[in-house]
Amino acid sequence: MTAATPAPFTADDYEARMRRAAEAAADAGLDGVLIAPGPDLVWLTGYRPVETERLTLLVLRAGQDPALVVPTLEKPDAAKSPGAPALSLHEWADGTDPYAAAEPLMGRAGRFGISDNGWALHLLGLQQRLPATRYAALTEVLPMLRAVKDAAELERLAAAGAAADEAFEEIRKVRFADRRESEVSHDLAELLRRFGHSQVDFTIVASGPNGANPHHEADERVIENGDMVVLDFGGLKDGYGSDTSRTVHVGEPDEEERKVHDIVREAQEAGFRAVRPGVACQDIDRAARAVIEAAGYGEYFIHRTGHGIGVTTHEPPYMVEGEEQPLVPGMCFSVEPGIYLPGRFGVRIEDIVTVTEDGGCRLNNTSREMVIVD
């Protein structure tokens, strides 16, 4: 049974997030942050405008009230957004220079973080209007801005994970053999929606040799008896993401298939057990990778061990070699090692994990043992 719809975030919640972002920018030596339409704007204000060539820009600076530059025709919608009570709205009309509306909020010089999905059109427009300003991607200068979740966010992520688990428990009951990957993928998408997802981001169904491609898109291949099948699926429920992977087998697996699945399961367990506050992100990758390398399959583990999740299904932090960011309670990310044998099959097992005060907690709890399907 799916969880009840959580209480909406309040204007106070959004005000606190905007204040925290402005303070984090100042601490990082920035003069402010500029937020374009997309996940950062939704997280900071609750406002989700249509993304067009018209400039919409949230300007956050320490010691200055949050300000949103909006096209005149979109001002009424902006004014109704959940975070609007904490914002001042600065409109510009068609036929005028939108960057002139941003200039007094930014000043004529300074270094700003800008959301990764900001349009080049607008960044170039700001640079032309304010040539003494400089810019850096938020992922580069404030990678942890959305990384640590509060209790209400964790509740949503847990509910999304539980809904994805329900979808897996149902999909394992359907027939796989003699059906196209695309048909099973459609079933998965429908199950995610049934269990409360408003947005389905991906439903990977990778059978047999297709399983050796980690991001295979389900196609018209007919699943055969004897196939290993990688299932990787997720999306958004109540604004927060799910992402889980399980690998099933159509009929009885052979000895090597069982061996590889067991190795990946052990690697996933090792990665999970490495989670605790203060540990570097790269150490989660190292823990999982060490198991696979010791078993002789290191060259076939071809991606990082995990990625953050929140209002998007992929965001910082990343569990990858070279990422020395220490884990902090409230961070949420995937632990998803895999082995991919070209031309033969692949195996991936993935849970979303949140960092607790003394370790980690899985948000996905379906069986990680080999599941046999028809």
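Author: Happy to! By class, four nonpolar, five polar and three charged residues line the largest cavity. Here Ala, Val, Leu, Ile, Met, Phe, Trp, Tyr, Cys and Pro count as nonpolar, Asp, Glu, Lys and Arg as charged, and the others, Gly among them, as polar. This is a predicted model, where local features need pLDDT of at least 70 and side-chain atom pairs count only at pLDDT 80 or more, while totals for chains, interfaces and linings use all residues. Residues are numbered from 1 along each chain as its sequence is written, and side-chain values use heavy atoms, leaving out hydrogens and water.

Reader: Thanks! Which residues line the largest cavity?

Author: Among them are Ala 36, Pro 37, Glu 51, Arg 54, Glu 74 and Trp 119. A cavity is a set of points on a 1 Å grid over the protein atoms alone where a 1.4 Å probe fits but cannot get out, and lining residues have an atom within 4 Å of a point.

Reader: How much space lies in it?

Author: About 90 Å³. A volume is the space filled by probe spheres set on the grid points, which are joined across faces, edges and corners.

Reader: And what about the second largest cavity, how many charged residues line that?

Author: None: its lining has seven nonpolar and three polar residues. About 60 Å³ of space lies there. Helix α5 (residues 120–129) gives the most to this lining, with three residues. Helices (H or I, at least four residues) and strands (E, at least two) are DSSP runs, numbered from the N terminus.

Reader: New topic: is strand β8 mostly covered or open?

Author: Mostly covered: in β8 (residues 228–237), ten of ten residues are buried, meaning under 20% relative accessible area with a 1.4 Å probe, protein chains only.

Reader: Nice. Which strands does β8 pair with?

Author: Strand β7 (residues 199–207) pairs with β8 in the antiparallel sense over eight bridges. Strand β10 (residues 244–250) also pairs antiparallel with β8, over six bridges, and Met 228 has His 249 as its bridge partner in β10. With strand β9 (residues 240–241), β8 pairs antiparallel over two bridges. Two strands count as paired if DSSP finds at least two bridges between them.

Reader: What do β8 and β9 form?

Author: A hairpin, with two residues between the strands. In its turn, Asp 238 has a positive phi of about 50 degrees. Lys 237 stands opposite Tyr 240 in β9.

Key. 1 Å grid on protein atoms, 1.4 Å probe; cavity = no way out; pocket = protein on both sides within 12 Å on 5 of 7 lines; lining within 4 Å. Buried < 20%, exposed > 50% of the residue type's maximum accessible area, 1.4 Å probe, protein only.
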